[in-house]
Amino acid sequence: MHHPPKSPGRPKTVRNPGHEDRVRTTFQHSPLRSVLQHSQALDMSDRRVGPILHYELHFYLFYADFMRNVPTIYDLSL
């Protein structure tokens with residue numbers, strides 16, 4: 001009895017170091033912008049920018065969201 005070969009599953013995406021460099025520079029330039037704003041500026045999907053931030057650059061999205069909502073010590077509008 002011959003079984004058909006198993007499907008390899010979901011194809012893996014090819015990692016592009018150029019994307020990592022672009023995401024790193026844009027987040028270092030303006031770290032308080034949201035992932036969605038960065039992805040639109042980079043003309044990339046936010047579903048692609050998020051994993052690059054987490055797995056390649058070791059940014060934590062919940063920390064970035066938290067820091068965006070914390071007022072700075074220079075903010076006098078409180």
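Where does D43 lie? D43 is found in the loop between α2 and α3. The model is predicted: local features require pLDDT of at least 70 and side-chain atom pairs count only at pLDDT 80 or more, whereas totals for chains, interfaces and linings use all residues. Residues are numbered from 1 along each chain as its sequence is written, and side-chain values use heavy atoms, with hydrogens and water left out.

**Overall architecture**

The protein chain contains four helices and zero strands, and from the N terminus its elements follow the order α-α-α-α. Helices (H or I, at least four residues) and strands (E, at least two) are DSSP runs, numbered from the N terminus. Of the 78 residues in the protein chain, 23% count as buried; buried means under 20% relative accessible area, exposed over 50%, and partly exposed in between, with a 1.4 Å probe and protein chains only. Among contacts between residues at least 6 apart in sequence, 45% join residues at least 24 apart, where contact means heavy atoms within 4.5 Å.

Axes are lines fitted to C-alpha atoms, for helices over the stretch in contact, and angles run from 0 to 180 degrees between N-to-C directions.

| Helix pair | Residue ranges | Axis separation | Angle |
|---|---|---|---|
| α1 and α3 | 17–29 and 46–56 | within 10 Å | roughly 85° |
| α1 and α2 | α2: 35–42 | 11 Å | about 125° |

The axes of α1 and α3 cross at roughly 85°, and the two helices are therefore roughly perpendicular to each other. Angles under 35 degrees count as roughly parallel, over 145 as roughly antiparallel, 65 to 115 as roughly perpendicular and the rest as oblique. On the α1 side, the contact with α3 is made by H19, E20, V23 and F27, while α3 contributes R48, V49, I52, L53 and E56. By class, this contact of α1 with α3 has five nonpolar, one polar and three charged residues. In this classification, Ala, Val, Leu, Ile, Met, Phe, Trp, Tyr, Cys and Pro count as nonpolar, Asp, Glu, Lys and Arg as charged, and the others, Gly among them, as polar.

For α1 and α2, the packing angle is about 125°, which makes α1 oblique to α2. The crossing of α1 and α2 is right-handed; a crossing is left-handed if the near helix is turned anticlockwise from the far one by less than a right angle, and right-handed if clockwise. R22, V23, T26 and F27 of α1 meet V35, H38 and L42 of α2 in this contact. Its classes comprise four nonpolar, two polar and one charged residues.

**The salt bridge**

Side chains of opposite charge can pair when their charged atoms come close. The structure holds one salt bridge, defined as a side-chain nitrogen of Lys or Arg within 4 Å of a carboxyl oxygen of Asp or Glu. It joins the side chains of D21 and R24, at 3.2 Å from N to O. Because D21 and R24 are three residues apart in helix α1, about one helical turn separates them. D21 is partly exposed, with a relative accessible area of 42%, and R24 is likewise partly exposed at 31% relative accessibility. The C-alpha atoms of D21 and I52, 31 residues apart along the chain, are separated by 9.9 Å.

**Backbone at D43**

Most residues other than glycine have a negative phi. D43 has a positive phi of about 60° although it is not a glycine. D43 is exposed, with a relative accessible area of 72%.
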